[in-house]
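Subject: Structure handover

Hello,

Here is the structure I said I would pass on. My notes come after it.

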Amino acid sequence: MTNLTFDFTDQTVIVTGGARGIGLELGRFFVSAGATTYLLDYDAEEVAKAAAEIGARSVAGDVSNTSDVDQAIATIIEDTGRIDVLVNNAGILRDNVLWKIDDDDWNAVLAIHAGGTFRLTRACVPHFRKRNHGRVINVTSYTGLRGNVGQANYATAKAGIIGFTKTAAKELAHFGVTVNAISPNAETRMVASIPDAKKAELAAATPLGRFADPAEMAAAVGFLASAEAGYITGVVLPVDGGISI
């Protein structure tokens with residue numbers, strides 16, 4: 001039996017929303033696997049601190065802002081000359097029942113989740129095409145498939161990411177680029193904002209009976225980013241303890 005140990009030596013990896021939670025743990029994984037890893041987040045001080053903690057590099061930027069995204073990618077290309085893996089993880093919550101969601105909260109959630117995924121991927125494509133290689137892993141959600149009370153904006157954004165993943169997979173396959181997604185069920189700051197009674201209900205509805213530690217997302221993302229997963233594209237992989245069964 002082959003023993004898979006993911007090796008990203010000499011590769012450049014970008015993880016958005018990298019200052020905390022799943023993004024930080026994914027960054028930690030890629031650093032340990034030998035990659036030159038960039039954590040991208042909007043708070044320059046916070047992301048620099050996070051990057052220093054795990055031995056990564058930091059770049060500040062708002063993923064909903066095209067100028068910020070283009071500047072971040074330009075900085076990374078100037079530093080390393082290449083981009084191999086992009087993980088689109090950045091996200092926010094602005095929860096409310098739909099008749100109480102104002103335009104600002106609707107637009108902000110879609111701009112960060114779906115818009116950020118689009119902008120970062122678009123900015124990386126020319127660099128993927130030059131080398132005829134690339135891996136994109138997007139973070140979506142079970143909510144994007146099933147909906148959730150109080151999260152019309154979030155559900156719409158996450159459903160959009162699923163559609164984007166499948167479309168980008170078809171469009172970029174010709175250039176040696178795979179595009180996949182994970183659907184996590186992890187204990188993050190966003191999950192921490194859920195009322196305790198609702199959290200307990202969600203945990204009870206999960207066959208494994210708990211939320212994952214954010215670090216448990218790393219093996220799935222590492223696999224989808226690896227050479228071994230080169231024939232997998234357009235897939236949404238649930239890493240959710242069975243809640244989507």
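This is a predicted model: local features need pLDDT of at least 70, side-chain atom pairs count only at pLDDT 80 or more; totals for chains, interfaces and linings use all residues.

Helix H2

H2 spans residues 44-54, and its buried residues are Val47, Ala50, Ala51 and Ile54. These four sit on the same side of H2, because the arc they cover around the axis is only 100°. An α-helix has 3.6 residues a turn, so residues three or four places apart point the same way. The other side of H2 carries the exposed residues Glu45, Lys49, Ala52 and Glu53.

What do the buried residues of H2 pack against? Their partners are helix H1 (21-32), strand S2 (36-41) and strand S3 (57-60).

At the N-terminal end, H2 is capped by Asp43, which has a side-chain oxygen 3.1 Å from the backbone nitrogen of Glu45. Just after H2 comes Gly55, with a positive phi of about 85°.

Helices H3 and H4

H3 covers residues 66-80 and H4 covers residues 103-131; their axes cross at roughly 35° and come within 9 Å. The crossing of H3 past H4 is right-handed. On the H3 side, the contact is made by Thr66, Val69, Asp70, Ile73 and Ile77. H4 contributes Arg119, Leu120, Arg122, Ala123, Cys124 and His127. By class, the residues of this contact between H3 and H4 are six nonpolar, two polar and three charged.

Regards

Terms used:
Residues are numbered from 1 along each chain as its sequence is written. Side-chain values use heavy atoms; hydrogens and water are left out. Buried means under 20% relative accessible area, exposed over 50%, partly exposed in between (1.4 Å probe, protein chains only). Helices (H or I, at least four residues) and strands (E, at least two) are DSSP runs, numbered from the N terminus. The arc is that of the directions from the helix axis to the C-beta atoms. Contact means heavy atoms within 4.5 Å. A polar contact is a pair of N or O atoms within 3.5 Å; within protein, one must be able to donate a hydrogen and the other to accept it, and residues adjacent in sequence count only if both atoms are side-chain atoms. Axes are lines fitted to C-alpha atoms, for helices over the stretch in contact, and angles run from 0 to 180 degrees between N-to-C directions. A crossing is left-handed if the near helix is turned anticlockwise from the far one by less than a right angle, and right-handed if clockwise. Ala, Val, Leu, Ile, Met, Phe, Trp, Tyr, Cys and Pro count as nonpolar, Asp, Glu, Lys and Arg as charged, and the others, Gly among them, as polar.
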